[in-house]
Amino acid sequence: MTQFNEIYTIKEGWLSGAERCPSPNFNQRPDSMQPRLLVIHNISLPPMKFGGGYIRDFFLNRLDSSADPYFETISALQVSAHLLIERNGRMVQFVGFDQRAWHAGQSNYDGCDNCNDFSIGIELEGADHIPYTDAQYRQLARVTAALISYYPEMGTEHITGHSDIAPQRKTDPGPAFNRNYFYRLLTQEIHG
C-alpha cells in the first residue's frame, strides 16, 4: 500500500504512488484543453459491496456479467475515471490526467457543458450513505494538492461532486462525504 506521508508528483499525466492500469475508455481533450475542475465520485460493485476487483474490471471493459445480477445492467457501458481510491487508500490510475476520461456523462459546471472535456474524475470506493475511510480522505487530499500544483487553472474553488454537475442523474459522492473534513486535510496539504 502507498505510504501516507509520500508527496505525490505528476509526470506526463500519471501520478506517482498509484498503480497504472490503462483503460481503453478515454480520448483526447478538445484543442489541448487543460483540466480545471476536479469531480469527486463514488462507486461500489456490486452496489454497497467493497473489494473483489469488479471496479477495475468495469473500467477495463472486462466485467463478467454473470458474476452478479446487477452487472448485467452495466456490462455494456464504456466508462472510466482517472483515478480510483480504494477503501484502504490504495490508488489505481486508469487514464492519464491529460486525457479525457469518460466519467461525468451529460453534465454542466458553471455554464459549461460536457465536463469530461475539462475535468479530472476521482472515484472513491464507496456509497452515498456509507462513511468513507480516513485513508481515502487523506489520499484524496494529497492527490488534489498535487493536481492543484500541477494544473494552473485548477484550484480549491473548482472541486465538486458528481451530483453537483449532473443533479438530475447522479447523487454521488452523497451525504456520507464529509466535505469539511476533506477541505481541512486539503488545506493542510497545500499550506503545510
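Me: Leaving aside its neighbours within four places in sequence, which residues is Arg 100 in contact with?
Reply: Happy to start here, and do keep in mind that this is a predicted model. Arg 100 lies in strand β8. Setting aside residues within four places in sequence, the contacts of Arg 100 are Phe 26, Asn 27, Gln 28, Arg 29, Asn 116 and Asp 117.

Me: Is Arg 100 buried or exposed?
Reply: A residue counts as buried when its relative accessible area is under 20%. The value for Arg 100 is 16%. Since that falls under the cut-off, Arg 100 is buried.

Me: How far apart are the N and O atoms where the side chains of Asp 117 and Arg 100 meet?
Reply: Both Asp 117 and Arg 100 are buried. Their side chains meet in a salt bridge, which here is counted when a side-chain nitrogen of Lys or Arg is within 4 Å of a carboxyl oxygen of Asp or Glu. From N to O, the distance for Asp 117 and Arg 100 is 2.6 Å.

Me: Which two helices does the salt bridge between Asp 164 and Arg 179 tie together?
Reply: The closest N and O atoms of Asp 164 and Arg 179 are 3.1 Å apart, and the two form a salt bridge. Asp 164 lies in residues 162-165 and Arg 179 in residues 179-191, so the pair ties together helices α3 and α4.

Me: Are Asp 164 and Arg 179 buried, partly exposed or exposed?
Reply: The middle class runs between the buried limit of 20% and the exposed limit of 50%. Asp 164 has a relative accessibility of 41%, and Arg 179 has 33%. Because both values fall between those limits, each residue counts as partly exposed.

Me: How many residues apart in sequence are the parts tied together by Arg 90 and Glu 19?
Reply: Arg 90 forms a salt bridge with Glu 19, with closest N and O atoms 2.2 Å apart. Arg 90 is in the loop between β6 and β7 and Glu 19 is in strand β3, so the parts they tie together are separated in sequence by 71 residues.

Me: In what order do the six strands form the open sheet, and which are the edge strands?
Reply: The pairing in this open sheet is mixed, and the order is β3-β7-β6-β11-β5-β12. An edge strand pairs on one side only, and here the edge strands are β3 (19-20) and β12 (159-161).

Me: How many bridges join β5 to β11?
Reply: β5 and β11 run parallel. In total, the number of bridges joining β5 to β11 is seven.

Me: How many residues of β11 are buried?
Reply: Take one face at a time. On one side, Ser 119, Gly 121, Glu 123 and Glu 125 are buried, and on the other Ile 120, Ile 122 and Leu 124 are buried. The count for β11 is therefore seven of seven.

Me: With which side chain does the side chain of His 41 make a polar contact?
Reply: His 41 is in strand β5 (residues 37-43) and is buried, with a relative accessible area of 1%. Not counting residues up to four places away in sequence, His 41 touches residues including Gly 121, Ile 122, Glu 123 and Leu 124. At 2.9 Å, the side chain of His 41 makes a polar contact with that of His 103.

Methods
Residues numbered from 1 in each chain as written. Predicted model: local features only at pLDDT ≥ 70, side-chain atom pairs only at ≥ 80, totals over all residues. Heavy atoms only, no water. Helix = DSSP H or I, 4+ residues; strand = E, 2+ residues; numbered from the N terminus. Buried < 20%, exposed > 50% of the residue type's maximum accessible area, 1.4 Å probe, protein only. Polar contact = N/O pair within 3.5 Å; in protein donor to acceptor, adjacent residues only side chain to side chain. Contact = heavy atoms within 4.5 Å. Pairing = 2+ DSSP bridges.
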